[in-house]
Amino acid sequence: MFPSSSPETGRDQWPDGPRPQPAGPSRGQPPAPRGGPAVDQDDRRERSGPRRARRGGEPARRPDDEPGAEPDEEAVPPVEVRRSLAVAVAGFAALLGVGLVLGAQTSGPGHRLPFAFIILGVQMLYVLAWTMAMRPPAVLLVAGVSVATAVAADTAAVQTDVAGLAPLGFVAVGGFVLGVLGQLVRRVDRVRVTDSLGGTLLIVVGVVAFGTLIVLSRIPAGTQAITVCLTASGVALTVARLTDAVAPWPRLAPQVPRGAAGVVAGAMVGTLVSALLGSYLVTPFTPTRAAIIGLVAAVAAVLADLAVGYAEAGRLMAGEPPTMWIARHMQGPLGGFALAAPAAYAMCKLVL
């Protein structure tokens with residue numbers, strides 16, 4: 001049987017002529033998109049690459065295409081903590097503290113010179129260690145000016161009629177100005193004068209800071225304040241270094257061979273020792289007052305010691321060659337006592 005209608009019904013008949021072509025590009029080229037700005041083919045090739053398809057047909061972004069993505073930094077191996085060196089530095093800090101405390105006991109009315117000579121010896125060690133470690137442009141010039149500043153500060157602390165810090169402040173300013181002017185005179189060092197300003201200031205101010213102990217020994221209850229503060233500082237530095245030799249954790253920085261446990265333990269033990277000393281001293285000392293001034297001195301000492309470690313790590317990371325090892329490791333305890341000295345003077349004035 002045949003269908004009632006022809007299969008050709010409803011269909012367009014083939015035209016006799018060629019099919020009409022759309023107006024636009026020539027034959028063989030794809031038509032341009034109807035909407036949106038034209039995209040150059042070269043711009044498409046310059047993209048970062050093909051995108052992976054997600055579920056649902058959406059292209060997945062690669063981690064490189066995400067905004068704000070930063071490359072992972074390489075892990076820096078931590079610096080090894082040398083236990084024997086930490087124990088040696090702890091021993092040096094203990095000996096330095098004992099020497100300063102015993103030297104303060106020799107001071108009395110009309111007998112300031114023995115303690116002044118002890119302070120001068122510590123100042124010479126400070127100048128040697130810090131100039132060798134920081135290496136300012138004119139090392140000999142800065143060292144000579146610092147030694148002259150130390151002698152002038154000690155003389156002013158002993159000879160002035162009224163015990164105060166004003167003469168020491170004038171000496172510090174004069175020593176710093178002389179150190180800077182001496183480096184400006186040398187042509188070869190003018191380029192590095194800006195870099196040396198901080199080093200010269202630290203060395204000059206450090207030697208003058210030790211002179212505050214002589215001034216403190218001349219005021220009432222000053223010798224006892226020196227005993228409490230310097231004992232707390234020496235114990236704090238010693239305990240902090242010994243703790244680093246046993247348990248240097250948690251590491252404060254990979255490049256610094258110090259641990260937070262030592263810093264905290266040193267400050268706490270130093271405060272405890274100062275409170276015990278305060279219970280044996282006479283009025284105006286009490287365990288509470290002694291603990292307060294001992295805490296300030298101990299924290300100042302351990303933080304200064306820690307800052308020296310960070311500074312040394314920064315110099316090594318900058319590519320500077322290391323200097324004499326004994327000077328580098330003496331620098332921390334000396335800097336800690338140099339900062340504890342004016343802290344002791346300030347707390348004696350404020351608390352006692």
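1. P254 lies in the loop between β3 and β4; helices (H or I, at least four residues) and strands (E, at least two) are DSSP runs, numbered from the N terminus. P254 is partly exposed, at a relative accessible area of 34%. Here buried means under 20% relative accessible area, exposed over 50%, and partly exposed in between, with a 1.4 Å probe and protein chains only.

2. This is a predicted model, in which local features need pLDDT of at least 70 and side-chain atom pairs count only at pLDDT 80 or more, while totals for chains, interfaces and linings use all residues. Residues are numbered from 1 along each chain as its sequence is written, and side-chain values use heavy atoms, without hydrogens and water.

3. Strands β3 (residues 251-253) and β4 (residues 256-259) run antiparallel and are joined by 2 bridges; strands pair if DSSP finds at least two bridges between them. A253 has V256 in β4 as its bridge partner. The hairpin from β3 to β4 passes through 2 residues.

4. Overall, the protein has 10 helices and 4 strands. Their order from the N terminus is α-β-β-α-α-α-α-α-α-β-β-α-α-α.

5. Of the 352 residues in the protein, 40% are buried. Among contacts (heavy atoms within 4.5 Å) between residues at least 6 apart in sequence, 72% join residues at least 24 apart.

6. The protein exposes about 20800 Å², of which carbon and sulfur atoms supply 64%. Accessible areas come from the Shrake-Rupley method with a 1.4 Å probe.
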